[in-house]
Every structure is written in C-alpha cells, then in structure tokens.
Amino acid sequence: MPEGNHSEVTEFILTGFPGLHPEYQGLASAVLFLVYLLTVTGNCTVLFLFAVDRSLHKPVYYIILNLSVCDLLFSTTALPKIISKYWFQSGSISFTACFVQMYFVHYLGTVNSYILFLMALDRYLAICHPLRYPNVLKNSTVLILSIFAWVVAKAPPLMLVIRAYPLPYCASNIINHCYCDHIGITVLACTDRAPYGFPAFVLAMIMLLGPLAFIIFSYCSILIAVFKIANLQSRMKSLSTCSTQLLIIALYYLPRCFVYLASNVGIKFSADVRIVIIMLYSLFPPMINPLIYCLRAKDMRESLWKQFNRRTFPQKAQVSAISN
C-alpha cells in the first residue's frame, strides 16, 4: 500500500500488561498510582530543597535538579494514561495524542541520557582534575550544558515522529505496551517497517551508547586515579563521592543494555515479561533517584534534615508554650 496520510485508524488501544487477569487490574492501577505518587513527591522534594537552600546551588546539584525535572516529566508523560486504563477502563488514546506521547517519551529519555553524561563529567573533573574543577565546571557552565542537552535532544525524537506519523495505519490499532513508543506504533503500519525501524534503532543506539561510552571512560579514569591514592581513607572518600551518581547511572543503563543485548543474542521474552522489564527500567529510577540523593548526598541529606527540624520544632515549641 502506498504511503500517505490516509490512515483508517483514529485511535489506539493500550493493552498495558496483556496477560494480567481482570481481578488484579485494580491492584495494578494502585501500584502504578503509588509509584507515580512517590515519584512526584520525591522529585518535588528535591526541587523544593534546591529552591529554599542556597547551599545546594553547586554544579553537581544543578545537574541533579535537571535529572529530577526530567524524571518528573517522564513519569507524568507515561503513567497517568495507563493508570486510567486500569482504574477507569479507559485504554484508548487518540491518534495524534499517541504520537505526542511517543515524542515526549523518547525526548525525555534522550535528555535523561545526556544529563547522566553531565553527572559523569562532573565526577570525572572533580576526581581526575580537582584543581581545574572550580574553573572548568562553574554553575554557568552547567547551565549552558543543561540547556544544550534539553535543546539538542529535541531533534532525534522529532525525526522519529515526522517519519512515523504519515505511515498508513489501516489494520490493528492495539499497542502491546503501557505507553506509545516508536516500535509499538510503527509495527502496526501497513507497510514495510524496515526503512523506518532500522534508522530508528541506529539513532536510539547513538543516543544511548554515545553518552554511555563517555560514562564508562570517565569511571575507568576515576578508578585509576583513585587507586593511585596512597592513603586508604582518602581513597574511600573519593569513591564515596561518586558512588551516588554511579548507582543512578547503573539503574538507568544496565536494564536497558540487558534488554538490547538479550534481543540481539536470541533471548526471547513473553510480552508480559518484556513490558514489566521496560516499565521497571523506565519508572523505577525516577522513583528511587530522590531517595538516593537524600540518603547518599551529604549536602542534600543535611538540607532535608534542616528543613524537617525547622518545621517540626517550632510546632513543638508552640504546643509547649500553650500548655505552660
């Protein structure tokens, strides 16, 4: 069938988890809503601490601020629709809205990858070039690099949408996923997917593996620099300063790399297992990242404790004054 804007599909249906028994759909929606609630609460807490505590206005926390904004937007893009499917039995999404969601899913995923690149750059400069760090990575530098990441990340997802939107969708409108993504949509097109699927795969690999290559290089350099330190206490302190970011990066990249490698070496997953894995690596890091910041990052932990004490002890003082 020739291509053109003559699709017979006016809406798509998100299956969510195809094998989920109806009696567990309420539980699934409750779990997804809890994940979304914790994600919003945690990342908004990070934004609040950054807004009220000027001691956090450092390059590393500007990077964390960008990551929190990205995580918050991604979860807001991906979760509400699938929650409404199980909560209100509303799994349909309009043709245009599906492509809008697809754009933001891939756009925010690309931004996330770039922000993790900045996190690795921050630790690389701080540990391998500590004397040059204050002059190279200033707040203004991080601001410019962050804006660059958000702007440059727009182009690849936009290309995917521009190429996929005009395809003829005239058969099934059922997307076996919890949200609209490029693969889930384009497999439904009544045309050969190869001219669209392969370039999209190459583009995704560049966006994923490009930053990952530098991240691997930076942490290898960090390990080499750390093990050259003679003092054991100084060595452990240097490792501790990058452990938080390394954990965040591992949560983002390791599951993705596993899925990509498994698919290329012939390991097959059922639709439900594949969707569960994708949802875990898409939604678990945005939920857990703020907890990692507040537990592992000293300045963030102290800021949170300071804000907690400021709001708790005045209330106790008021109660004590009234009772006296």
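**Cavity, disulfides and a buried aspartate**

Author: About 70 Å³ of space lies in the largest cavity. This is a predicted model, where local features need pLDDT of at least 70 and side-chain atom pairs pLDDT 80 or more, while totals for chains, interfaces and linings use all residues. Residues are numbered from 1 along each chain as its sequence is written, and side-chain values use heavy atoms, leaving out hydrogens and water.

Reader: What makes that space a cavity?

Author: On a 1 Å grid over the protein atoms alone, a cavity is a set of points where a 1.4 Å probe fits but cannot get out. The volume is the space filled by probe spheres set on those points, which are joined across faces, edges and corners. The structure holds one cavity of 30 Å³ or more.

Reader: Which residues line the largest cavity?

Author: Lining residues have an atom within 4 Å of a point, and among them are Asp71, Tyr252, Arg256 and Tyr281. Helix α10 gives the most, with four residues. Helices here are DSSP runs (H or I, at least four residues), and strands are E runs of at least two, both numbered from the N terminus.

Reader: Why is the link between Cys98 and Cys180 called a disulfide?

Author: A disulfide is a pair of cysteine sulfur atoms within 2.5 Å. The sulfur atoms of Cys98 and Cys180 are 1.9 Å apart, so the pair meets that cut-off. The torsion about their S-S bond is about -110°, so this disulfide is left-handed. Cys98 lies in helix α3 and Cys180 in the loop between β3 and α7, so the pair ties together parts that are 82 residues apart in sequence.

Reader: What about Cys170 and Cys190?

Author: Their sulfur atoms are 2.2 Å apart, and they form a disulfide too.

Reader: How do you know whether Asp53 is buried or exposed?

Author: Buried means under 20% relative accessible area, exposed over 50%, and partly exposed in between (1.4 Å probe, protein chains only). Asp53 has 6%, so Asp53 is buried. By contrast, Cys170 at 23% counts as partly exposed.

Reader: What polar contact does the side chain of Asp53 make?

Author: Its partner is the side chain of Ser303, at 2.8 Å. A polar contact is a pair of N or O atoms within 3.5 Å; within protein, one must be able to donate a hydrogen and the other to accept it, and residues adjacent in sequence count only if both atoms are side-chain atoms.

Key: On a 1 Å grid over the protein atoms alone, a cavity is a set of points where a 1.4 Å probe fits but cannot get out, and a pocket is an open set with protein on both sides within 12 Å along at least five of seven lines; lining residues have an atom within 4 Å of a point.
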